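This briefing is meant for a reader who is meeting the structure for the first time. Please keep the sequence and the 3D view open while reading, and follow the elements by their labels.

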Amino acid sequence: MEQTVKISVRNLVEFILREGDIDNRMAGSMERDAMQQGSRIHRKIQRRMGSAYRAEVLLKIQCPCEGFILQVEGRADGILTEEGQTVIDEIKGVMRDLEMVREPVGVHLAQAKCYAYIYASQNGLDAVGVQMTYCNLETEEIKRFRQQYGLKELEGWFGDLVRAYEKWAGFQIAWKKERNASIRRTEFPFPYRAGQRDLAASVYRTILRHKKLFIQAPTGVGKTMAVLFPAVRAMGEELGEKIFYLTAKTITRTVAEQAFQTLRSRGLQFKVITLTAKEKICFCEETECNPDACPYAKGHYDRVNDAVFDLINKGCELTRGVLEAQAKEYQVCPFEMALDVSLWVDAVICDYNYVFDPNAHLKRFFSEGNKGGYLFLIDEAHNLVERGREMYSAEIYKEEVLRIKRLVKTEAPVLAKRLEECNRQLLEMKRECENYTILMNEAAGLQENPGFAKGEGGCQVVDSVSHVSLKLMNVFAELERYLEECQDQGKREEVLDFYFQIRDFLNIYEILDENYTVYAELERQGHFKLKLLCVNPAANLQKYLEQGNSTVFFSATLLPIHYYKKLLSVETDDYAVYAESTFPEKNRLLLLGTDVSTRYTLRGKEMYCRIARYILETIRAKRGNYMIFFPSYRFMEDVYEAFRGEAAEEDDIECVLQSQYMGEEAREIFLETFEEERDNSLAGFCVMGGIFSEGIDLTKDRLIGAVIVGTGLPQVCNDREILRAYFDSRKLSGFDYAYLYPGMNKVLQSAGRVIRTEEDRGVILLLDERFLGAQYQGTFPREWSGIQTCRLGNLEEKLKYFWGNGRI
């Protein structure tokens, strides 16, 4: 039986028929049908069309090719039968003025022609009409283009389209056969560590049953390979079409690349691509994606398919260097080419935003209604909670509305008028917020306002912002028009940034539900903000995860599991695995200093000096490399100053400090300092939750101790207080969800830098009396059961005993 390859009408025409330049100066108005209001307009127009109109008609056709069948399928927006004539209707919602729509967009018309051919050929029609219906999403004004096509003409045109795609589908089939044969021959590349085989089996069972799995696995278990290998085996057994290995940081991507390379060295044939951010891989000094500024943007779509087909037929090596060389040879954008290559590979290693961000996700894979059979492997999954909240939240500032109004008022009076209408609404909300703040303060007896965080401006939860969204829709339509006509490049860039802010706000407004809190905030500096805050991102994440077969969330710090299950999944029957640590307990000394605190009320010179003495005693006990983690840069700097005062001349300690705005080169230099051979001790002063508190791998004597100053709790702010109130209202511990769990995750991540292999020995010192509390200790991993308390007076004794005898 011949194999069947399926492709949607939209994907077929957009892939084969694209042409011309990349040009980000276009606001993208003709693609606004992707917005949810576009879907509503579709339904509204369809309902108006009467009984002779059939909506959402599923059409598919099978085309014989060499060695396989190509099935092209999709839904026609409408089929109209009137006076014996059949017309295929394709509806597109747009924001631009319909006067500027002078003819159908080529790929839109091609979609309609595909449906016309399929319907005419299957229903014995000699001719069929094609109607393009464009509808302005703001005014609901409609403009139609209609044309008649003969069956023979459509048949020839559609045949050319299929033949152009045939070589791609043929490649897909041949490669899959070769890949699957190699998967069956590939064995697990190492002897299984304790618990690693069970972990791999859990991943395979999860994929087999199309479920989600949460894995808490300490460093050393070998979780990357234990997750990756069974996923690869599952693909070989048709349990998944593509692996998405998702990470939050560049360094974690390197670990995944190395794991795939290890499997390839054992004979696995598997095409893997790592997606690099546009700014990093761009060949130009400035990332200006238009044909006037970039030679690789000019004619990109005319050449890119040839570049991609050539590359995927060369082999499995798809490193950044290979991609860049191919892009230069074919004179195409390396970033856009890499996205196209990702369609034809077996695994994609990329940042979370390529899958989950509503503005940056890969539409090739995650368009609405798509079911891709993907396997999602989400590394360092604890990061996805906050990243998810950021992706699905949006805000606008009144001051920004006013600034753009002043910028455009002379050449765009209509846009300025729309902006002023919006500004007036925000001004009214600002006054309400000010009055609310005054009333709340009076009710509290002029004490701290219980409605918002101390030290911040007023904050008021808002029931509805529908009136603002309507005004913003008007603004958005005028922004589209302005950007189409603006010749001043400087102004255009400023307005384009604002355009994207409004777009994001309107898109998030469309998905508001019980997982959101909307609030107005008068910031301390007087700026007024309206924010749509995604409190629980699980439902939004699910919209993308459900397009796959299975998801594995894994991290060395996924505790407590119930917290991550609540915020990353909507299911109640997800699996969870706790992998035990394989490291000898005697190799680690875990101490809790009970006579120090980082509470705000106890901070001061005396406490900074006490913390500095703890750090100094720890380093004096054994020469080596240490990292000291702090809750903030300010706290780090204060303690560092005290540390330099406490250290005597004979203390030969080199210090390096993390700075707030480190570039990639500065980060590398910082880490390289820990790799160097030295006769003295090295102390790296860092910030918890920062770039050096997770993902870095300093083994053996490259790091022998970590001092963690404070509980890592996020600073009290309006967002955090709103999270707290939200979860309290749902009978969950608001403090734990808003502060404790995120804070303790930073602590656990920082502590995890020390013991990286079974041969490593090291000290972990927690400095804050709050760690004694049951609430905090309830978040400790099982392997911390041997934690000991200490005071500054007996610290030296405990450290010497550990380093001299192996353990206390």
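Predicted model: local features only at pLDDT ≥ 70, side-chain atom pairs only at ≥ 80, totals over all residues.

- The antiparallel pairing of S12 with strand S15 (residues 528-534) extends over four bridges; within it, Ala394 stands opposite Leu532 of S15, and Ile396 has Leu530 of S15 as its bridge partner.
- Which residues of S12 are on its covered face, and which on its uncovered one? Ala394 and Ile396 belong to the covered face, whereas Glu395 and Tyr397 belong to the uncovered one.
- In a regular strand, side chains alternate between the two faces of the sheet.

**Helices that pack with H18**

- Helix H15 (residues 398-408) packs with helix H18 (residues 489-510) at an angle of about 145 degrees, with the two axes 11 Å apart, and H15 passes H18 in a left-handed crossing.
- On the H15 side this contact is made by Glu400, Val401, Arg403, Ile404, Leu407 and Val408, and on the H18 side by Lys491, Glu494, Val495, Phe498 and Gln501.
- Sorted by class, the contact of H15 with H18 has six nonpolar, one polar and four charged residues.
- Helix H17 (residues 466-485) also packs with H18: their axes come within 10 Å and cross at roughly 145 degrees, and H17 passes H18 in a left-handed crossing.
- Among the residues that meet here are Leu472, Met473, Phe476 and Leu479 in H17, and Val495, Leu496, Phe498 and Tyr499 in H18.
- Sorted by class, the contact of H17 with H18 has 15 nonpolar, two polar and four charged residues.
- Ile511 and Tyr392 are 119 residues apart in sequence, while their C-alpha atoms are 9.0 Å apart in space.

**Helix H1 and its buried face**

- In helix H1 (residues 9-16), the buried residues are Val9, Leu12, Val13, Phe15 and Ile16.
- Seen down the axis of H1, these buried residues fall within an arc of 165 degrees, so they line one face of the helix.
- The elements against which the buried residues of H1 pack are strand S1 (3-8), strand S3 (68-82), helix H3 (106-122), helix H4 (151-185) and helix H9 (300-312).

**Backbone features in loops**

- Most residues other than glycine have a negative phi, and most peptide bonds are trans.
- His210, although not a glycine, has a positive phi of about 55 degrees; His210 is found in the loop between helix H5 (196-208) and strand S7 (212-216), and is partly exposed, with a relative accessible area of 45%.
- Glu238 is likewise not a glycine and has a positive phi of about 65 degrees, and Glu238 is found in the loop between helix H6 (223-236) and strand S8 (242-247).
- A cis peptide bond, with omega at about -10 degrees, joins Leu559 and Pro560, and Pro560 lies in the loop between strand S16 (548-555) and helix H20 (561-568).

**Contacts of Ile787**

- Ile787 lies in the loop between helix H26 (774-777) and strand S24 (788-790).
- Leaving aside residues up to four places away in sequence, Ile787 touches Leu590, Leu592, Leu766 and Phe780.
- Ile787 and Leu589 are 198 residues apart in sequence, and from C-alpha to C-alpha they are 7.8 Å apart in space.

Notes
Residues numbered from 1 in each chain as written. Heavy atoms only, no water. Axes fitted to C-alpha atoms, helices over the stretch in contact; angles between N-to-C directions. Helix = DSSP H or I, 4+ residues; strand = E, 2+ residues; numbered from the N terminus. Left-handed = near helix turned anticlockwise from the far one by under 90°. Contact = heavy atoms within 4.5 Å. Nonpolar A, V, L, I, M, F, W, Y, C, P; charged D, E, K, R; others polar. Pairing = 2+ DSSP bridges. Buried < 20%, exposed > 50% of the residue type's maximum accessible area, 1.4 Å probe, protein only. Arc of directions from axis to C-beta.
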